[in-house]
Amino acid sequence: MNCPLRWCFPKNLSLGLLLSCMTAPWALAQTTAPQAADTGAAQTAEVAAPAIVPLTTVVPDGKVHKFEARDHQFWMDGQPTLLLAGEMHFGRVQPEDWETRIKQAKAMGLNTLSFYLFWNLVESKEGTFDFSGMNDVRRVLKLCQDNGMWAILRPGPYCCAEVDYGGIPWWTVKYPDVKIRTNDPKYVEWSRKYIEQVYKQVGDLQVTKGGPLIMVAIENEYGNGRPANNDYMVSLQKIFQDVGFDVPMFTCDPGAEPQSRLMPGVMAQQNGLSGRAGAQLLNDLGDFPVYVPEVYTAWFLGWGQAPVGEYVSRSPVNSIVSRLNTLLDNDYSFCLYMFFGGTNYGYNDGAVEYQPLVTSYQYDAPIDEAGRTTEKFRAIRDLLSTRTNRKLPEPPADPVLINLPTLKFTEQEPLLSTLPAQPTKVADKTVSMEDLDQAFGFIDYRKKFDNGLKGALELKNASDYTIVMVNGKTVGEAYRGLGPDTSKITVNQDGPATLDILVYNLGRVSVITNAASQDRARKGLLGGATLDGQDLTGWEMYSLPYESGPDKFKASTSPANGPAFYHAKFTVNQVGGTFLDMRNWSFGVVWVNGHNLGRFWDRGPVRSLFLPGEWLKQGENDITVLELHNAPQTPEITCVNGNIMVNPVVFPVRLNVGAPIGGFRGGRGGPGGFGGFGPSRGAGPGGPATTGNAAPAAPTGSATITTPPPQ
């Protein structure tokens, strides 16, 4: 134990008595250093310097080391040590950047890195496990060892982390009778197979076998859903032990949920813990030390959602420095969530209840989305250097962002022109995306009316964003967030008429995700549609995953009246990362050289997309934009040197809480329903951008480009 009061007590003072002293009124009185007198001057007192915290000098070196969690302390080969960790995630970091991020973490003063590994990325197809590329957990742990950093692995099976379905694979939705995150035998067996495969990748890299892996997390925030018991967690503990994990294990919850705390031999830690709340946790932990798995550097952001209180209050540099100081004063180990947030590439962003999350996962972290050190990085580095009495290595040079020429889109193709020659399925009733064996993207539900389409059209349980077209022209848009209106639209089209209902999956619920909410993970036109109250039957359904964009782009000479792809080519002389300014565009997806950069949406608060340099090549490059709304007045994209933050256009219906209302789930304390056709699409391009520090929100009509200040 090491604290600012230690020097006041004998070295052989017991840990328990020292803890008691820390909370006793007389022990908390301010103590001053010896006074010194100047001639003719009053005596002054100096405040004692902060105590140096214990930190092991042992680093992973290929040899077996003894890592223990006992006596309210972590130990490495008998040396007491704190774990100063930072969080990064597979799937949000380019593989080429892993080692640079590890070096940056070491230069900031961390000695450990913590990693979420997402089951849904590893087993995107049932029974097929992929640990290559962005999922290469073995390579990352070896890089940690090469750079003298310890590692913590958090493989779930459920992670949350604001990814699709909290990291549970989408294909589990095809089995509605299997209850997720319960002791359901089928779900437990799925989990076992996954954990077995993870162990095969990293088992020999545990510290007990000469590797850098010192701890493993079991699940995540299980108590958040208030389960009736912890039978499922006990089953998971046995799985981890049976497959071969023998390093210390822990769980984490945002509070003192008992369901996760009844597992002998497993540390029940608490996310977001402040130093002042640690005394009770220390008591609950028994002999174990305190480790805070998530000390938040800010918070996540949702589309059409102003930065919430957690983001605003946790972002300032002095806030995180103060919190870390308090934890260090109490000898509490911690992990910065996030050290580097990165990007929700592709379709893997999740949803908080029904609130879809933005593509950027920058999290106001010490390393920004482009990989540059920030003021927060430097402040934490100064703190950790002082509190551990170390001269830290210099961080790698920041990457230099490139500035592409203005990208001008002169070719477009209506989305409906890209439909396959044959539908994926023909049936009387509509089916879900999962029933079509499709993970992400879009589904087009088509029905033809030889004699015309006239009357009141009503959609039944469309999930998520839905665009209704008649003869290729958009006639309405439906989305839960657009308000409490019904999901009806009057159509009046002479024959022949073709009805297309395009449903866009905005991400499956990532929190709270459990058996009670798994029904909402299904995507598509789930309840079909009616015309004047009569069920419509006889549907053609087209799977449109668009993983790499449309298969073949065929330019059209006709103007687009609905969703359309826009295409351009550009030349790059120097490869590097950059940010795309999407303020000319409304709502859709961008692909560069077949790589999905993620979603853009004019509702904000983020109006840019990060383009990693690894996805560019010298010479000619290709970019495709899917615009789901009207054709842009200026179909161009320019580049900026940071994320563009604007004041968001908030949805009329609150999306980040859920409660049953009628046939749907709406916001607690507010009206429910999912529908509402209308033109509400967010703001326009906004005003001039300025350069500066990260801003939670900008005044209406203005924007802020977030870039690191000069060093």
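1. Two strands are said to pair if DSSP finds at least two bridges between them. In this predicted model, strand S26 (residues 529-531) and strand S27 meet that condition, with two bridges in the antiparallel sense. Within this pair, Thr530 stands opposite Asp535 of S27.

2. The S26 and S27 strands belong to an open sheet of four strands, whose order is S22-S18-S26-S27 and whose pairing is antiparallel. At the edges stand S22 (488-493) and S27 (534-535); each has a single partner strand, so one side of each is left without a neighbour in the sheet.

3. With strand S14 (residues 407-408), S35 pairs in the antiparallel sense over two bridges, and Lys408 stands opposite Glu636. With strand S30 (residues 578-581), S35 pairs over three bridges, again in the antiparallel sense; here Leu580 stands opposite Cys639.

4. Among contacts between residues at least 6 apart in sequence, 78% join residues at least 24 apart.

5. In soluble globular proteins, nonpolar side chains tend to be buried together. The largest nonpolar core of this model has 121 residues, of which Phe115, Met215, Phe245 and Phe334 touch the most other members. Helix H5 (residues 185-202) gives the most to this core, namely eight residues. Apart from this core lies another, of 34 residues, which include Leu407, Val590, Trp615 and Val646.

6. Which residues does Met215 touch, when those up to four places away in sequence are not counted? They include Phe67, Phe74 and Leu83, then Ala151, Ile152 and Leu153, and also Val247, Pro248 and Phe250. Met267 and Tyr291 are touched as well.

7. Helix H2 (residues 98-108) has as its buried residues Trp98, Arg101, Ile102, Gln104, Ala105, Ala107 and Met108. In general, an α-helix has 3.6 residues a turn, so residues three or four places apart point the same way. The cover over the buried residues of H2 includes strands S4 (84-89), S5 (112-116) and S11 (333-337), together with helices H4 (137-146) and H10 (375-388). After H2 comes Gly109, with a positive phi near 110°.

8. The largest pocket has a volume of about 1200 Å³. Its lining consists of 37 residues, and the closest to the pocket centre are Asn120, Leu121, Ser124, Phe440 and Glu547. Helix H3 (119-122) and strand S32 (595-601) are the elements that give two or more residues to this lining, and H3 gives the most, with three. By class, the lining has 13 nonpolar, 16 polar and eight charged residues.

9. How many cavities of 30 Å³ or more does a search of the whole structure find? The search finds five. The second largest cavity holds about 40 Å³ of space. Its lining is formed by Phe90, Gly91, Arg92, Phe118, Leu121, Val163, Thr343, Asn344, Tyr345 and Asn348. By class, these residues divide into five nonpolar, four polar and one charged. Leu121 lines this cavity and is also listed among the residues closest to the centre of the largest pocket.

Terms used:
Residues are numbered from 1 along each chain as its sequence is written. This is a predicted model: local features need pLDDT of at least 70, side-chain atom pairs count only at pLDDT 80 or more; totals for chains, interfaces and linings use all residues. Side-chain values use heavy atoms; hydrogens and water are left out. A nonpolar core is a set of buried Ala, Val, Leu, Ile, Met, Phe, Trp, Tyr and Cys residues joined through side-chain atoms within 4.5 Å. Buried means under 20% relative accessible area, exposed over 50%, partly exposed in between (1.4 Å probe, protein chains only). Contact means heavy atoms within 4.5 Å. On a 1 Å grid over the protein atoms alone, a cavity is a set of points where a 1.4 Å probe fits but cannot get out, and a pocket is an open set with protein on both sides within 12 Å along at least five of seven lines; lining residues have an atom within 4 Å of a point. Grid points are joined across faces, edges and corners, and a volume is the space filled by probe spheres set on the points. Ala, Val, Leu, Ile, Met, Phe, Trp, Tyr, Cys and Pro count as nonpolar, Asp, Glu, Lys and Arg as charged, and the others, Gly among them, as polar.
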